[in-house]
Amino acid sequence: MLSLPLQLQPLSPPFYPPNSQPKTLKPVFPKACKSQYQTERGLQFDIGDTFFRHESATGRDFGVLSAALYKQSNGSLRVLDALCGCGIRSLRYLVEAKADFVLANDANENYRGIISGNLSRISEERWVVMNSDANRVMTERYLEKDYFDLVDVDSFGSDSSFLRAAIGAVKLDGLLYITSTDGYSSGGHRPQHSLAAYGAYVRPMPYSNEVGLRMLIGGALREASVLGYHVVPLFSYYSYHGPVFRAMLQIKRGRLPDSSTYNFISYCIQCGNSQTVSWDQLGQIRCPCITNACVPNSLIVSGPLWTGPLHQASHLARMLNLAEQLGWISDGNGRNLEKLIRLMVDESDPKLPVGYIKIDEVASRAKLNSPSIGAIMNALHEEGYVASRSHIAPNAIKTNCPMTECIKTFKALQQCSIR
């Protein structure tokens with residue numbers, strides 16, 4: 001499936017604007033870096049003094065799989081790696097996704113030698129290394145109408161300032177792979193910062209890591225709407241190291257057709273239930289568990305956030321099929337892509353609401369020891385509820401079963417175990 005012949009096409013309009021060409025071609029003499037060779041998916045590369053994490057390999061796997069699928073469907077693939085670090089993502093897009101061209105950019109000029117060295121095994125017609133501000137590079141591509149099929153922005157912190165320029169550099173129906181590592185904002189500890197960065201006032205919630213993904217997608221959706229586009233999440237991936245929130249989005253023309261996917265989320269401290277709140281319900285938010293007017297308001301509200309599906313099941317199924325063809329199901333180092341992707345497919349059920357329920361919270365409310373997750377899910381399925389495990393939290397489930405019914409299920413399982 002990946003053996004399509006490469007069709008190298010001339011860059012038109014010219015890749016470098018005339019007024020910037022002399023500066024771009026100016027010789028750079030980077031500082032000498034000590035070589036530190038690593039291997040990922042059989043590819044050897046040098047990280048030198050760059051920032052590199054082995055734990056991010058799964059996120060790179062997902063990016064390559066989506067890029068390869070895009071090329072299979074469209075016949076060509078041009079990638080802009082806006083913050084490329086040592087260049088391993090660029091190398092993998094070239095070798096494994098068979099990208100026709102990759103622009104590998106990193107603002108640190110000292111990395112030029114490392115990046116060029118890692119890409120040197122590939123024909124120089126297929127890649128260019130730049131050392132410039134990422135926003136400048138992406139904005140120049142937009143101004144030159146030189147759009148890319150995939151723009152990868154692997155930023156640090158909550159660098160939402162890249163979003164608008166990145167969206168502008170993506171071809172229509174192309175892919176945008178974005179990142180956040182801001183666990184403080186997703187955890188509700190810096191609501192003013194999340195409001196400034198993503199337009200969402202986020203408060204502490206028990207499923208903060210899912211909120212982090214929804215905050216990131218919601219911020220991209222807001223920026224896309226300014227430019228007359230909307231985004232469709234193909235997958236959303238959370239990794240505990242960092243933490244790291246990544247989302248692969250497809251850029252579509254026109255504003256979001258369904259407003260039900262960009263709303264607010266509420267969580268009730270008293271009963272443990274969550275609900276999605278639309279814009280026109282903001283002045284009427286109330287949890288059904290509060291029947292006594294004297295009970296203080298126990299609701300925590302965050303938003304606006306992306307409240308639609310985190311994944312597209314059909315895309316994940318194609319990713320899994322390709323991963324099997326490439327032999328990437330397991331690499332022997334504890335990363336099992338098959339298990340992870342299948343779990344994400346289960347999470348894609350449209351009947352599942354926002355958030356997840358931690359088993360420890362249910363056990364605490366029921367004042368019982370926790371039964372196994374498998375037993376809980378089987379019991380919920382027998383009662384007609386939808387339930388799946390969460391790829392974000394191993395000790396949690398996503399379900400449309402209210403917290404009160406979950407507690408009853410816990411107690412019923414406890415009684416069965418006593419008999």
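Asp-149 is buried, because its relative accessibility is 2%, where buried means under 20% relative accessible area, exposed over 50%, and partly exposed in between (1.4 Å probe, protein chains only). The structure is a predicted model, in which local features need pLDDT of at least 70 and side-chain atom pairs count only at pLDDT 80 or more, while totals for chains, interfaces and linings use all residues. Residues are numbered from 1 along each chain as its sequence is written, and side-chain values use heavy atoms, with hydrogens and water left out.

- Asp-149 forms a salt bridge with Lys-171 through their side chains, at 3.0 Å from N to O; a salt bridge is a side-chain nitrogen of Lys or Arg within 4 Å of a carboxyl oxygen of Asp or Glu.
- This pair links distant parts of the chain, with Asp-149 in strand S6 and Lys-171 in strand S7 (residues 170–180), 22 residues apart; helices (H or I, at least four residues) and strands (E, at least two) are DSSP runs, numbered from the N terminus.
- Lys-171 has a relative accessibility of 32% and therefore counts as partly exposed.
- A salt bridge also joins the side chains of Asp-152 and Arg-89, at 3.8 Å from N to O.
- Asp-152 lies in strand S6 (residues 148–152) and Arg-89 in helix H3, so this pair ties together parts that are 63 residues apart in sequence.
- Asp-152 counts as buried because its relative accessibility is 0%, and Arg-89 is buried with a relative accessible area of 7%.

- The side chains of Lys-71 and Asp-100 form a salt bridge at 3.3 Å, N to O.
- Because Lys-71 belongs to helix H2 (residues 57–74) and Asp-100 to the loop between helix H3 (88–95) and strand S4 (101–105), the pair ties together parts that are 29 residues apart in sequence.
- Both Lys-71 and Asp-100 are buried.

**Whole structure**

- The search of the whole structure finds 24 salt bridges.

**Packing of helices H8 and H9**

- Helix H8 (residues 191–198) packs against helix H9 (residues 208–226) at an angle of about 40 degrees, with their axes 9 Å apart; axes are lines fitted to C-alpha atoms, for helices over the stretch in contact, and angles run from 0 to 180 degrees between N-to-C directions.
- The contact (heavy atoms within 4.5 Å) involves Ser-194, Leu-195, Ala-196, Ala-197 and Tyr-198 of H8, and Met-215, Leu-216, Gly-219 and Arg-222 of H9.
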